[in-house]
Structures are given as C-alpha cells and as structure tokens.
Amino acid sequence: MRIFTAAIVAGFMASAGFAQDSENAAQDDGSWAIVVHGGAGVIERESMTAETEAAYRAAMNAALDRGGEILSAGGSAIDAVEAVIRAMEDDPLFNAGRGAVFTAAGRNELDSSIMDGSTLNAGAVAGVTGIRHPITAARAVMENSRHVMLTGEGAEAFAREQELEFVDPAFFFTERRWRSMERAVGDMGLPLPERPDGAPEPEEIEEGHLDLLEREHRFGTVGVVALDMSGNIVAGTSTGGTTAKRWGRVGDSPVIGAGTYATNSCGVSATGTGEYFIRLNIAARICHEMEIMDRGAEERTYAAQDAADSVIQGDLTDLGGDGGVIVLSASGETAWSFNTPGMYRASWGSDRDRIVAIYGDEE
Ligand code: ASP
C-alpha cells in the first residue's frame with residue numbers, strides 16, 4: 001500500500017499545477033487498482049430479468065478482467081482505461097459506441113474524454129458519428145494534437161488523419177435504443193426521424209421491455225479509472241449522451257472536470273444527467289475535496305468515499321440532479337456514490353477481491 005504522504009504530495013503538486021513525470025510518481029510497489037461503471041439509473045431487482053442481470057454482471061466482470069490483465073502485468077493506466085472502454089463501446093448493452101442512444105433526429109452522436117493524472121493532459125471528442133471507438137479518438141486528441149476537445153466534423157477530420165477506425169453510422173444501431181428514442185420523440189410531440197440507411201429490418205420489442213429500458217437505461221454511459229504500478233491515475237468516460245437529445249447537445253462526459261477528471265491523487269468518472277454534472281463541475285470537485293481532506297488529516301482512510309458522498313449525496317442531490325461517480329485515490333482506495341436506485345459498477349485491485357454490483361443495496 002502506498003503511504004498517504006505520497007497522496008498529499010501528489011495532490012499538492014497537481015493542484016499547484018505542477019506536471020509530474022511518471023518517474024517522479026513511481027512507487028513500483030506492485031500495487032494497482034481499477035474501478036468501472038456502466039451507467040446509473042432506475043435499476044431495480046424487481047424489474048430486471050435473470051438473463052439481463054447475468055449479461056450485465058458478465059460484462060462488468062469482463063471489463064475487470066481486461067483491465068486487471070494489463071495492470072497486473074505492469075501495463076499503464078492509460079492503456080488499461082482505453083482497452084476497457086473500447087470493449088464496452090463495442091458492447092450493445094451500454095450507451096457508448098454500439099448501443100448508444102439516438103438523438104431526436106435519429107443519429108448516434110458520441111462523446112468521450114480521457115485524462116492522465118500524471119501530466120494533467122486531457123483529450124475529448126464530442127458529437128462524433130462515425131468513429132468506432134471515441135475513447136481512442138479522445139486519447140489521440142490528448143497525445144497528438146495541441147487541443148483538449150474537438151467536436152463534430154472537425155473531430156472526425158482529425159480522427160481520419162490519425163487513421164482511426166471508422167464505421168458506417170448503422171454500426172451503432174440497436175433496435176431497443178431506436179424504439180426508446182421513438183417513444184421519447186413521440187412524447188415530445190416531434191416528428192419521428194427516418195430509420196437510418198443500413199439499419200436492420202425492424203424487430204419486435206416487447207412494450208414492457210421498453211418501459212424497463214427507459215427506466216433502467218436512462219443513462220448507461222461507461223467509465224473507467226485505473227491506478228498503475230507507477231502510481232499514475234487515468235480516468236476515461238464514453239457515452240451516447242441522453243435519449244432524444246437535440247441541437248448538438250453535449251453532456252458532461254467529454255467535459256474535463258465535469259464527467260472526467262484525474263490528478264495523481266484522484267481520478268473520477270461520472271454518469272447521470274450531464275446538465276447537472278457540468279454546472280457542479282462534479283469530477284474535479286470530488287478531486288478537490290479529496291485533496292483538502294488529505295491535507296487536513298495525517299491519514300484519512302475514506303477520503304475517496306467521503307468526497308464522493310459529499311458531492312453526490314450533497315451538492316448533486318441538492319441541485320436536483322441524478323446519477324453517480326466512481327472514484328480512485330493514489331492509495332488505491334476505490335469508491336462509488338450514486339443517488340439513483342442502481343449503478344452498474346465494479347472494482348478490483350492487487351490488494352483486494354473483485355466486486356461487481358448493480359443495485360443500491362449491494363456493497
Ligand atoms: N452523463 C451522460 C450525459 O449527460 C449521460 C449518462 O451518464 O448516461 O450525456
């Protein structure tokens with residue numbers, strides 16, 4: 001276990017704007033940790049089928065396996081975060097990449113960001129429609145451009161220059177997301193968009209299943225925070241945003257400080273109604289609170305949990321927002337906090353057993 005003075009120094013340097021190189025932060029004590037979310041919402045035991053629940057638990061376990069394999073072999077947090085999110089973007093269970101929700105105009109507009117706590121470098125893309133792995137595009141923005149956030153066509157032009165993989169927009173199509181958008185658009189009194197070119201023939205979907213989907217998967221964003229053996233923390237988030245969003249709406253997920261934040265003392269990824277997370281600068285606020293706590297106490301064991309709870313159960317709830325966060329500290333402490341009935345979440349590390357949980361009453 002890394003001692004807390006390391007966290008204090010890392011936190012001070014990060015908040016004072018010092019870029020640390022990974023060698024300075026290196027502890028090389030062989031410890032690593034990862035925490036993952038797959039979205040928060042009205043996820044309740046009563047309305048979940050055994051099959052759906054098993055599918056989510058398997059997906060969360062697979063995410064831990066993938067990240068744990070990289071980190072336990074001494075791989076970097078940035079590679080772990082990217083690899084785990086890429087796989088979740090390909091999994092239609094999640095609202096990221098394939099399986100993303102639709103805008104009111106019938107498109108999938110994807111947002112993603114990544115931040116490297118060791119350098120405070122960050123990259124993000126918003127409103128992209130053809131990049132198969134938006135998290136890889138976010139990483140490319142961070143590593144290969146002078147900018148932090150690129151949007152829409154510009155982001156896609158950059159991704160083409162970087163030779164990233166492009167897919168036909170129909171690749172992201174799932175019937176259930178299409179149908180829940182149609183419902184939302186109908187409720188808003190807007191015209192139904194045309195089914196996209198290349199989408200499969202319409203399938204039967206049980207109405208009850210759609211009700212469930214609307215409640216359960218109101219969110220569904222994915223996020224990962226990892227700590228590697230060199231003591232570096234990286235956070236990343238990827239999403240399709242919110243169902244039937246309009247006018248180029250961008251949520252918190254690609255906004256550094258709101259949906260994603262990392263220093264070398266703290267990393268956060270968020271999920272929930274982005275409009276609240278942006279206004280409260282949720283991810284950076286949690287890191288800031290942790291740093292204050294770390295400085296105020298010699299050894300505070302639950303700084304990540306306390307900071308997450310104070311911001312989610314306090315600030316977010318007071319403002320009327322809903323959702324949750326995952327948090328990781330320099331000592332490898334992982335935490336989550338959410339004010340929705342459930343959140344798909346999982347954690348694992350060199351010094352602890354894995355946890356996969358869905359409902360609010362699980363650990
Ligand atoms: N935070 C995302 C957004 O507002 C939605 C989500 O977490 O699912 O775009």
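Is Ser112 buried or exposed? Ser112 is buried, as its relative accessible area is 0%; buried means under 20% relative accessible area, exposed over 50%, and partly exposed in between, with a 1.4 Å probe and protein chains only. The legends below describe a predicted model, in which local features need pLDDT of at least 70, side-chain atom pairs count only at pLDDT 80 or more, and totals for chains, interfaces and linings use all residues. Residues are numbered from 1 along each chain as its sequence is written, and side-chain values use heavy atoms, with hydrogens and water left out.

**View 1. Overview of the protein.** The protein has 11 helices and 12 strands; helices (H or I, at least four residues) and strands (E, at least two) are DSSP runs, numbered from the N terminus. Of its 363 residues, 58% count as buried. The protein exposes about 14200 Å², of which carbon and sulfur atoms supply 49%; accessible areas come from the Shrake-Rupley method with a 1.4 Å probe, and for residues only the protein chains shown count as cover. Among contacts with a separation of 6 or more, 71% join residues 24 or more positions apart, where contact means heavy atoms within 4.5 Å.

**View 2. Surroundings of Ser112.** Ser112 lies in strand β2 (residues 110-116). The side chain of Ser112 reaches the backbone nitrogen of Ile135 at 3.5 Å. Leaving out residues up to four places away in sequence, Ser112 touches several residues, including Glu89, Val125, Pro134, Ala138, Thr237 and Ser253.

View 3. The ligand is surrounded by 12 residues, the closest being Thr221, Arg249, Asp252, Thr271 and Gly272; a residue is near a molecule if one of its heavy atoms lies within 4 Å of it. By class, this shell has 1 nonpolar, 9 polar and 2 charged residues. Here Ala, Val, Leu, Ile, Met, Phe, Trp, Tyr, Cys and Pro count as nonpolar, Asp, Glu, Lys and Arg as charged, and the others, Gly among them, as polar. An N or O atom in the side chain of Thr221 is 2.4 Å from an oxygen atom of the ligand. For Arg249, a polar side-chain atom lies 2.7 Å from a ligand oxygen atom, and for Gly274 a backbone N or O atom lies 2.9 Å from an oxygen atom of the ligand. Taken alone, the ligand exposes 260 Å², and the protein buries 100% of that.

**View 4. The largest nonpolar core.** This core has 35 residues, and those with the most contacts inside it are Ile34, Val36, Met60, Met88, Phe94 and Ile114. A nonpolar core is a set of buried Ala, Val, Leu, Ile, Met, Phe, Trp, Tyr and Cys residues joined through side-chain atoms within 4.5 Å. Elements that each supply at least two of its residues include β1 (33-41), α3 (50-72) and α4 (77-90). The largest share, 7 residues, comes from α4. Not counting residues up to four places away in sequence, Val36 touches Met60, Leu64, Met88 and Tyr344, among others.

**View 5. Two loop residues.** Asp322 lies in the loop between α11 (303-319) and β9 (323-329) and counts as buried at 18% relative accessibility. The side chains of Asp322 and Thr273 make a polar contact (2.6 Å), that is, a pair of N or O atoms within 3.5 Å; within protein, one must be able to donate a hydrogen and the other to accept it, and residues adjacent in sequence count only if both atoms are side-chain atoms. Met188, in the loop between α7 (175-187) and α8 (207-216), counts as partly exposed at 42% relative accessibility.
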